[in-house]
Amino acid sequence: LASWVDYWDMNLRLPQATPAEIEAFYSRWPGTYVEDRLRNDWLLELGKRRDWAELRRAVLLDRGLLEKVLRVCAAHVHDPYAQRYHFWKHYAERYLA
């Protein structure tokens, strides 16, 4: 239960959290469901913050996430105005190769 208490505490503080705090959480709960859950929440938070550099760093560190990026982008790359999908698809393909 301690991992869930830690998760909910960190999740409440997510809008003010720093990358170092998030990494410390990951270190405390490696390979657990709560680590994965917070990782997803953190990525969404980075998008809300429009912290594209940190979001890019986080995505490039996770092969599974890169594969998800490719799947999401594949549905949108036919639209030439959906530039963000082209951008992320480029990075995912480049780093998965």
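A nonpolar surface patch of about 550 Å² is formed by L1, W4, W8 and Y33 in this predicted model. Patches of this kind are built from residues with over 30% relative accessible area and no salt bridge, with nonpolar side chains (Val, Leu, Ile, Met, Phe, Trp, Tyr) joined within 5 Å and like charges within 9 Å; a salt bridge is a side-chain nitrogen of Lys or Arg within 4 Å of a carboxyl oxygen of Asp or Glu. Accessible areas come from the Shrake-Rupley method with a 1.4 Å probe, and for residues only the protein chains shown count as cover.

Since the model is predicted, local features need pLDDT of at least 70 and side-chain atom pairs count only at pLDDT 80 or more, while totals for chains, interfaces and linings use all residues. Residues are numbered from 1 along each chain as its sequence is written, and side-chain values use heavy atoms, with hydrogens and water left out.

The structure holds three aromatic pairs, where rings of Phe, Tyr and Trp (its six-membered ring) pair if their centres lie within 6.5 Å, and planes under 30 degrees apart count as stacked, over 60 as edge-to-face and the rest as tilted. Two of these pairs are set out below.

| Pair | Centre to centre | Angle between planes | Class |
|---|---|---|---|
| W4 and Y7 | 5.6 Å | 80 degrees | edge-to-face |
| W4 and Y33 | 5.9 Å | 40 degrees | tilted |

W4 and Y7 both belong to helix α1 and are three residues apart, about one turn of the helix, whereas W4 in helix α1 and Y33 in helix α3 (residues 33–49) form a pair that ties together parts 29 residues apart in sequence. Helix α1 covers residues 2–12 and also contains W8; helices (H or I, at least four residues) and strands (E, at least two) are DSSP runs, numbered from the N terminus. Taken together, ring pairs link W4, Y7, W8 and Y33 into a cluster.

Y7 counts as buried because its relative accessibility is 4%, W4 is partly exposed at 34%, and Y33 is exposed at 52%.

Leaving aside residues up to four places away in sequence, V34 touches S3, W4, Y7, F25 and W29, a contact meaning heavy atoms within 4.5 Å. The C-alpha atoms of V34 and W8, which are 26 residues apart along the chain, are separated by 9.4 Å.

Elsewhere, the charged end of R39 sits over the ring of Y26, 4.0 Å from its centre; the criterion is NZ of Lys or CZ of Arg within 6 Å of the ring centre and within 35 degrees of the ring normal. R50, in the loop between α3 and α4 (52–60), has a positive phi of about 60 degrees although it is not a glycine, and R50 is exposed at 63% relative accessible area.

For the protein as a whole, there are six helices and zero strands, and the C-alpha atoms fill a box of roughly 45 × 25 × 20 Å along the principal axes.

Technical notes: Buried means under 20% relative accessible area, exposed over 50%, partly exposed in between (1.4 Å probe, protein chains only).
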